[in-house]
Structures are given as structure tokens and as C-alpha cells.
Amino acid sequence: MIFVEAGTRSIRSFDAQLIFAQKLTARGFDACIDADYLPEDAGRGRLYEAANFLTDPEEHVAEAVFVLGAEEVEDLLLASLRQKQLGADVPVVATGRFKTQQSYVGAKARLAFALGREASVIDLTDTQPRSMLPSAVSPLVAETRPIVRPIGEVTDVTVVLGSMELDNPETLSCLSRMSSQGDYGLKLVVSGAQNEFITASHFNDLPRILYTDLSPLTLAKSTDILVMFGHGVAGDRMAELAVELIAAGGVVIDCTEDEVLMSSGAPALLGPKTLFALDGYLTGKILGNTSQIAEQALKSQWLRTIEISRLETAAELVAKPRRPERTTQRTLFLPTNGVGLGHAQRCAVIANALPDNISPIFAAFPSCVPIARREGMDCIPLVARTDTKDNSNANDILTYRRLSAALQEGDRLVFDGGYVFDSVNRVILEHGLSAVWIRRGLWPKGRSRHTMLHREGIFDRVIVPSEAFEELNDAYSYGDHIHYVGPVFRRVIQSAEDINHLRARLAERFGRDFKQLVVSMLGGGVASDRSAQLQAISGMLEARTDCLHLVVTWPGSKVQPAVFGWKNTRVVHTLEATKLCLAADLVISAAGYNSVHEILYHNIPSILIPQSAPYLDDQERRARALSDRELCATITETEFMKLERTVLDCLDDGGVEVFRSALKKIKLPEAGAAAAADLLIKT
Amino acid sequence: MFGDTQNVAPVLRRVVDELCIPVIWDSPRISADFVILHNPSFLKFQNSLNAQVIARELIVVTHENFLRPGGEEGFDVSNCLGQIDASAIALRKTLAPVSAYNRETVTNWVSRFREARHWQVLEADWFNIFSTDLCHPCDMPEDRRGRHSRPGFEKFPPVAELDMCFPKHAKSNVILGANALLDAGVHRAHWKLLPFDAISVEDFFEMIDFFVYFTAPTWQESFGRVVAEALAAGKVVLTDPKTGKTFGEAVITCHPSEVDGIISDFILHPRRYHEQVSRSQSALERYSVQNFRAHLSKVLTPERGVPA
């Protein structure tokens with residue numbers, strides 16, 4: 001294991017450690033960072049990157065040690081080195097930009113005191129006398145490995161705004177125009193303050209990321225042209241991005257006020273100082289000539305000054321390109337953990353529709369694991385989000401780690417959910433995955449479209465499982481990558497004989513005969529508390545001796561204790577709710593996507609009580625679409641009297657037959673699971 | 001040149017006051033037959049001496065080793081001597097080592113750097129004056145070990161060697177100046193770790209019978225004042241051969257792995273302990289005021305322009 005240490009402990013140093021550890025990993029080495037280096041205020045993005053490298057030093061034997069930023073050597077570093085009690089044969093290589101010979105001699109001496117032997121100290125100013133970032137802790141080295149560009153279908157342009165002020169109202173307008181044209185794809189790298197400014201403006205849909213949202217290595221993988229504005233280079237991360245991109249055959253345009261990239265000797269192009277001239281410069285001079293520009297840049301002697309192999313040689317390391325662990329493509333379904341199990345159910349249905357030569361696996365949250373396993377698929381268990389305030393995304397970091405371990409370049413990730421997690425975003429970009437987003441529609445009013453869509457670009461395809469009724473199929477984004485398929489839901493075939501057998505088993509199980517079976521599926525109270533409705537239904541059915549009322553929830557969900565007090569009401573935890581619904585005379589259900597489509601396509605008479613929460617789909621619209629066609633009754637959460645009337649009407653006055661008859665007559669679109677599976681295998 | 005604090009060592013202050021010699025700070029011009037400049041490494045963080053020196057002979061006393069064990073420079077010597085060179089007009093420029101080991105580093109450095117060959121190296125050591133009351137050794141030595149030093153990493157050997165020097169079976173192990181060990185969480189139940197200045201040196205010596213002193217192998221004392229203090233306090237000193245070179249038979253030189261055996265032997269034979277302390281304290285005579293006066297009289301000779 002290679003330990004990456006730093007002379008000082010700070011955010012800047014930690015960034016340098018992370019990036020260098022990533023570079024070593026990309027070169028085939030195992031690198032780690034002592035967990036003590038993690039800054040308290042590391043911020044969200046860095047935590048993801050750090051999760052791959054942080055370790056307790058005693059867990060590993062050091063193969064080599066790198067010390068970055070050795071121009072300043074704190075006692076904490078010396079203590080860390082001394083505690084490691086490194087063997088005499090473990091190379092220790094320190095890099096720094098030493099302003100004086102004394103600072104070099106002093107650092108070398110201090111390292112030697114801690115080690116009990118000499119370290120190899122490399123003065124980067126020898127090879128990089130005019131660094132693009134003289135204060136950089138990072139050694140600013142890379143592997144020269146040009147790749148064919150553009151990487152995607154259009155040239156990707158990343159613009160780093162640097163210290164640019166955004167108060168000129170024309171600036172964002174200009175960027176917005178640039179992001180809307182089709183000659184290139186635009187992405188901004190912004191500071192926290194710039195991001196807030198943009199978010200509060202009319203141009204809040206500008207594609208942008210923060211400095212720490214992605215590592216420079218990952219960012220370079222999705223960038224063909226890098227443009228830098230501001231005064232100087234905006235920190236180690238951006239300097240690393242420029243170095244990495246040039247080494248990878250990309251084009252770097254220096255628009256900084258002090259022409260800092262050019263003056264470092266880097267083979268960058270001198271671009272316009274003003275943003276307003278950038279579009280013309282790109283389209284007129286750059287876009288048609290990127291390969292020639294990159295070719296010239298790769299001839300630059302400057303590339304020799306950034307060769308990472310020099311540091312590896314000093315540490316007696318020989319790069320060993322990582323080989324993929326598998327030769328076959330893996331397909332992994334990742335359903336988000338919504339209020340119910342809808343995402344997981346849908347994924348299971350599509351996974352089952354895949355050809356036999358594809359054996360998909362799942363990564364699922366605890367409530368969804370049984371669904372995947374029931375279908376005979378392997379499942380990587382994930383950890384659900386907790387409500388801890390200090391680190392609310394800790395579970396997602398774990399998800400990121402597990403997905404990273406399970407997937408390799410070229411694998412296929414199928415994500416079913418609304419908000420695209422950081423883990424999903426990072427894993428797709430870092431591993432170069434084929435990615436598909438199964439994105440149900442009917443978003444609630446008021447949901448930020450930008451928040452939902454800003455990561456759409458990382459997916460190769462977006463599959464939208466339609467609603468059964470056309471008026472519910474809103475379009476949220478457009479393009480060749482968007483594919484609409486018919487409703488995707490779980491089909492259950494159950495004969496009359498099966499139904500009779502199930503009802504007999506229920507009678508036996510609960511020790512009472514019944515003529516009417518009512519099933520309530522109003523959720524576990526996560527999104528909307530339906531305990532009052534359940535009590536009301538249980539109460540009105542209590543006196544009906546020929547009726548059995550089942551409160552059906554998925555395993556593990558909470559049920560109010562009061563429900564257990566009724567004689568005619570029983571609680572059933574099951575993943576086979578559809579079978580119970582098919583056996584029921586009446587189903588009282590929430591109006592989630594899966595429930596409604598199963599009710600529709602299986603002709604099940606129902607009363608729908610929509611749930612509502614800011615993060616839920618618009619269940620009321622979906623329910624109304626059915627009740628307007630007299631396929632069910634829709635009851636809102638406050639309509640208790642109507643609920644009672646409707647239940648009685650259904651059970652006593654033929655209401656269920658009216659619904660069943662209408663359901664049989666309605667023409668529904670073809671189910672979409674097969675089409676979705678077909679799209680997946682083409683991705 | 002000397003900074004803003006203008007601190008003067010108490011002993012020196014007393015002498016200067018008794019002789020009514022005025023102290024001139026940061027004089028832009030220093031002119032005398034002999035100018036003695038102590039410890040050139042004080043210039044390592046600056047670019048200029050900021051004073052002009054005019055002298056018949058400039059003697060630079062090299063308190064800090066020019067080279068570390070292994071041959072790496074201890075500080076940027078060229079820069080420091082260069083600043084002095086650029087500011088001094090003198091018929092003779094002399095480097096005055098403070099000990100045998102210090103001399104070795106100075107002569108090796110001078111032979112390595114061509115541009116420094118005009119510097120003469122004084123033949124006799126410009127040793128530290130060590131004048132203090134001598135304490136008697138204890139009657140019956142026990143396995144009470146200790147060390148004290150400034151807290152820098154260079155003053156401490158690797159942890160594995162510290163473990164050998166201060167083992168569990170010793171009656172006590174006291175480490176004064178253990179700031180770095182405390183900060184790094186290097187604890188042993190059988191170690192008493194005290195930060196620098198936590199107790200007086202006198203109190204520290206009350207707690208031990210054996211002074212066990214090893215440093216980082218990449219650093220070396222140029223003189224070893226702590227060793228001399230321990231000898232004066234009536235303790236047996238165990239140290240590495242290079243540090244011990246300054247003190248000859250006054251100290252026991254060994255490797256950390258040999259410490260246990262040597263201490264056991266002294267405890268079994270208290271007479272040897274007393275003989276060793278007695279021998280050590282006699283050796284301290286070498287660093288007396290009288291000897292230094294004799295040394296100085298050999299430097300300030302008529303051949304060097306001092307009237308007889």
C-alpha cells in the first residue's frame with residue numbers, strides 16, 4: 001500500500017493528497033491516506049473522494065510513502081512518519097516547491113529526523129520553474145495518454161469561471177446562450193458563491209458543478225476543451241484539471257487575466273479575456289481544429305515536466321495497468337428507496353424481461369432486497385438514509401463505495417428513481433458506465449425541474465414508463481435519448497380456482513369464514529399518515545360478520561397498534577399484495593404508480609386515497625384520471641363521510657361490479673416491460 | 001541581525017554587566033582586531049548579515065554541525081557563510097569547531113565546497129565552557145533511567161530504540177521534553193512522559209540514576225551539553241559512540257540493545273558505578289574556564305597580531 005501524506009494539514013493539502021492518490025490508483029497502484037488527515041470541514045464532495053482512500057495506518061503495510069507539499073513540514077507529519085516505523089527498504093519520496101535552498105535543506109533534515117534515514121526530496125521548481133500555480137501542494141503531474149476526441153457525440157466544453165464576478169447581467173445571459181446552441185456542450189465549474197448567484201437568477205438551469213463535485217481526473221474524462229477565466233488558477237483542483245486534460249490530449253484555453261497558463265509554458269491557447277467573445281472564438285477558431293491543436297500540444301517539451309513516472313521511479317514503483325476483473329458486461333439495477341417498493345418492483349419486472357443470457361444483479365435498500373431475491377437475483381444490500389444531521393449523506397457514500405466495488409468500466413447501471421444521488425452520478429462518470437435512467441413521470445407541482453434533471457446528461461438513455469392515460473404523460477425533457485414505453489408493472493396470473501383457494505386459506509389462517517374480502521393498502525405512514533382512514537374503515541367493517549378486512553403492508557413497515565384491536569381487521573405483511581388484491585372484493589389503496597397500474601390491468605375494483613408529499617408523484621392526478629372514467633372512486637384525505645358512503649356503496653349496492661365492468665371495457669396501452677428491456681440491451 | 005527580543009544568556013549578561021561592557025545591538029559596522037561570530041546558522045532564514053565586519057581575523061564558531069550523519073547538509077551553509085563573506089573584510093577568516101565531531105563535519109564540508117576553501121579551520125576546539133557544581137553519585141544505584149532534551153524530533157531515536165532504552169522492567173523511565181511523543185500519542189504505561197520545562201532539570205536528575213541518551217540517527221549533537229549536565233549531576237551516561245566521542249571515557253558508548261546489560265552490571269556492582277561517575281566528573285575539567293582561557297591564549301597570539 002502506498003501512503004500519501006502531506007507536509008501540512010489543510011483543505012488544500014487534502015485535495016492534493018486525494019488527487020495524487022487517485023492518480024496512483026489509475027496507474028495501477030494501491031494508495032491510501034491516513035484518516036487523521038480528513039479535515040473537519042471537508043465538504044460533501046471531498047467526502048466521497050476520501051471514502052476511497054481513508055484508512056487507519058495500522059491496517060496496511062507501507063510499500064512506499066509520498067509526502068506532498070514538503071516545503072512546509074509540520075510536526076504532525078513527522079509524528080505520523082515516525083509512528084509508521086517504516087522499514088529501511090520503504091521508499092519515502094517528498095515533493096515541494098522550495099523557495100530557497102535552506103527550505104529544501106530544512107525540509108530534508110526534518111523528514112530525516114522523523115524517519116531515521118534520508119527521504120528522497122524532489123524540488124519541483126527544478127522541472128517546473130514557472131508553475132501555473134506556484135502555491136500548489138499538488139505535484140501537478142500526469143500520465144501522458146491522449147485519447148480520441150471528442151469523447152461524446154458533441155465536443156464538451158468546460159468553463160472554469162475562477163474569480164469572475166457575475167454581477168454583470170449580461171454574463172449569465174451570454175452563458176445561457178452558449179449552453180443552448182448545439183455546436184458544443186457547455187458545463188461550468190463554479191464556486192459556492194457563484195453557484196448561489198446562479199441558482200437565485202433566471203438562469204438557474206445553467207449546467208454547472210462545484211469545484212469538489214467531481215475529481216479533476218473524472219472531470220477531464222468528460223471534457224474536450226477547458227477554458228479558464230479569472231485571475232490565476234483557482235486552486236490545486238483546477239490546476240490538476242488543466243494538467244490532466246493536456247496530458248489526455250484535450251485543449252486548454254487560457255482566458256485568465258494574468259495569462260497564467262501560458263506563462264507556465266503549458267501548451268495552452270491564449271483565448272479572449274472576456275466571456276462575451278468566447279463563443280465566437282470557440283466556434284470560429286477551435287471546434288474544427290481540436291485534433292490539430294491537441295497534436296501540437298502533445299509535442300510540447302512541457303509535458304516532460306509533468307511526467308508522473310518520474311515520481312514513481314523515485315519511489316521505485318513500476319506502473320502496472322489495472323486489468324478488468326471481468327470480461328463480461330454486468331448489468332446492475334439500482335432502485336431508489338421511495339415511499340413504497342415501486343422502484344424495486346419496476347426494476348424487477350424489467351430485469352425479468354431481459355434475455356436469458358443477461359444475469360442482472362441488484363443493489364437495493366433493505367426494504368427492497370427481498371424483492372430482488374424473490375426473483376432469484378443477486379442483490380448487494382445498501383444502507384438506508386438516516387436522519388442524523390451531522391452527516392446526512394453517509395449512507396450514500398457507502399452506496400458509492402459498494403457500487404464502485406461492484407462495477408467496472410463498460411458495465412451497465414440501471415437507475416430507477418427521481419433524484420439522481422451523488423453516488424450514482426460519480427460511479428457512472430468515474431467508471432465510464434453505460435447508464436440508463438428509468439424515470440417515472442407525473443412529478444408533483446412545485447418540484448424543481450432543474451434539480452431533477454441536472455444530472456440527466458450522464459445517462460445514455462432515459463426510459464420513461466408511461467402512465468396508462470395520455471393526459472398524465474407530461475414531458476420533462478427532450479432528445480433522442482428519451483424513450484417512452486408502456487406502463488411497467490408486475491403482472492400476476494391467478495385463476496378463479498387459485499383465488500378460491502387463497503380465500504379459503506385466509507379463512508383458515510384467520511379462523512373465520514367470510515363472504516367479502518376488503519384489502520387496504522394505504523402505505524406505512526412514511527409519506528402520509530393514513531391511520532385515521534384505516535381506523536374508519538376498520539370501524540365501519542367491524543359489525544359486518546361476513547367481511548374480512550386485511551391491512552396489507554410490505555414486510556418491515558410500521559403499523560399503528562390501534563389497527564390490531566379490531567376483530568374483523570387483520571394485518572398482513574407481504575410482498576404478494578397483488579395476489580391478495582386479486583382475491584379481494586374491494587381494494588382501498590393509495591395511488592402509487594405500481595398499485596394503480598396493477599389495479600387497472602388486473603381489473604380490480606378499488607377506492608383510491610392518494611398520498612401527498614413534496615417528494616411524491618402527483619397521486620391525486622393519477623387517481624382522478626381513473627375515477628373520472630368511473631374505473632374507481634377517489635377519496636381525499638379529509639373525506640371521511642364520503643369514504644364510508646363509498647365503501648358501503650361498493651360492498652352493498654353493487655359499486656364494485658360497476659367498477660369491474662368499466663375496467664373490463666377500458667382500452668389500455670400495451671405494457672412496457674419488454675420494450676424497456678429491449679432498450680436496455682441496446683444501451 | 002539578532003532579532004527583536006535582545007535576549008542575553010544570564011551568565012553572559014552578568015559578566016558583561018560586571019565588566020561594564022556596553023552591549024551594542026545590530027551595529028551596521030563591526031570593527032575590531034578579532035571579531036568572533038557565533039553560530040553562522042542564525043543567518044539561514046535571511047539573505048544578508050546587514051552589517052559590515054572589518055577585522056584582522058574573523059572567527060566563526062560553528063556551534064551547529066555543517067553536515068548531518070550520512071553527509072547531508074545540516075543547513076544551507078553556503079548561504080550563511082556567503083553572507084558573512086560578503087559583509088566581512090578580514091585578513092583571515094577562520095571556522096572554529098566546537099568538538100571533534102563538529103570539526104569532522106566542518107572540514108568535510110569545506111573540502112566539498114570549492115568556494116569555501118579560503119576559510120581556515122582552527123586546530124583546537126572552541127569548546128563550550130562547562131562550569132557547574134558537581135554532585136555526588138547515589139550510594140546504591142537503581143534501575144531508574146531517564147533522558148531530557150529539547151522536544152525536537154532530531155533529539156529522539158526511533159520508537160523501537162526508545163523501547164529498548166526504557167523497558168518495562170526498569171524501575172522507572174522518565175523522559176523530559178517528550179512533547180512530540182505526547183502529541184503523537186506514543187504512550188507506554190511504564191514511561192513517565194513530561195513536556196519540556198515541566199519540571200526543573202535538578203528535579204529531573206533526582207528521579208534517575210542512569211542518563212540514557214540517543215538521538216535520531218540522522219542528527220548528531222555538535223557538543224552535547226545535556227550529557228555534560230548529566231555527568232555533573234553524578235549520573236552514569238549511556239549514549240551512542242558519536243555523541244560520546246566528545247566526552248571520551250566519561251560516558252559509556254553503546255547501542256540501545258546493549259543498554260540493559262550495562263545498567264544491570266552497574267546495579268550489581270555499585271563500586272563500578274561510583275568509579276564511572278568519578279571518572280566522568282574528572283573529565284569535565286576539560287571544559288573549565290581555565291582551560292578555555294588557555295585555549296583562547298593560544299588563539300590570540302603575537303603571530304596573529306596580539307601584543308605579547
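Which residue of β2(B) does B:A32 stand opposite? Select B:A32 and look across to β2(B): the residue there is B:A55. Keep in mind throughout that this is a predicted model.

**Stop 1: the sheet in chain B**

Four strands make an open sheet here, in the order β1-β2-β3-β4. Their pairing is parallel. Colour residues 29-38 for β1 and 120-121 for β4 of chain B. These are the edge strands, and each pairs on one side only.

Next, select residues 100-112 of chain B. This is helix α3, and it packs on the sheet. It touches β2, β3 (88-97) and β4 of chain B. Compare the directions of the helix and β3(B): they make about 135°.

**Stop 2: where the chains meet**

Show both chains. Here 18 residues of chain A are in contact with 23 residues of chain B. On the chain A side, select α3 (75-84) and α4, each of which supplies at least two residues. Helix α4(A) gives the largest share, 9 residues. Colour this side of chain A by class: 7 residues are nonpolar, 5 polar and 6 charged.

**Stop 3**

Centre on A:A242. Beyond its neighbours within four places in sequence, A:A242 is in contact with A:M132, A:L226, A:M228, A:V252, A:L261 and A:A266.

**Stop 3: the domains of chain A**

Domain 1 covers 2-127 and domain 2 covers 155-308. Domain 3 is made of 331-487 + 673-681, and domain 4 is 496-665.

At their meeting place, 21 residues of domain 3 are in contact with 19 residues of domain 4.

Which elements give two or more residues to the domain 3 side? Select α15 (342-352) and α16 (369-374) of chain A. By class, the residues of this side divide into 11 nonpolar, 4 polar and 6 charged.

Note on methods:
Residues are numbered from 1 along each chain as its sequence is written. Chains are lettered from A and ligands numbered from 1 in the order in which they are written. This is a predicted model: local features need pLDDT of at least 70, side-chain atom pairs count only at pLDDT 80 or more; totals for chains, interfaces and linings use all residues. Two strands pair if DSSP finds at least two bridges between them. Two residues are in contact if their C-beta atoms, placed from the backbone, lie within 7 Å. Axes are lines fitted to C-alpha atoms, for helices over the stretch in contact, and angles run from 0 to 180 degrees between N-to-C directions. Ala, Val, Leu, Ile, Met, Phe, Trp, Tyr, Cys and Pro count as nonpolar, Asp, Glu, Lys and Arg as charged, and the others, Gly among them, as polar. Domain bounds come from an automatic or database domain assignment.
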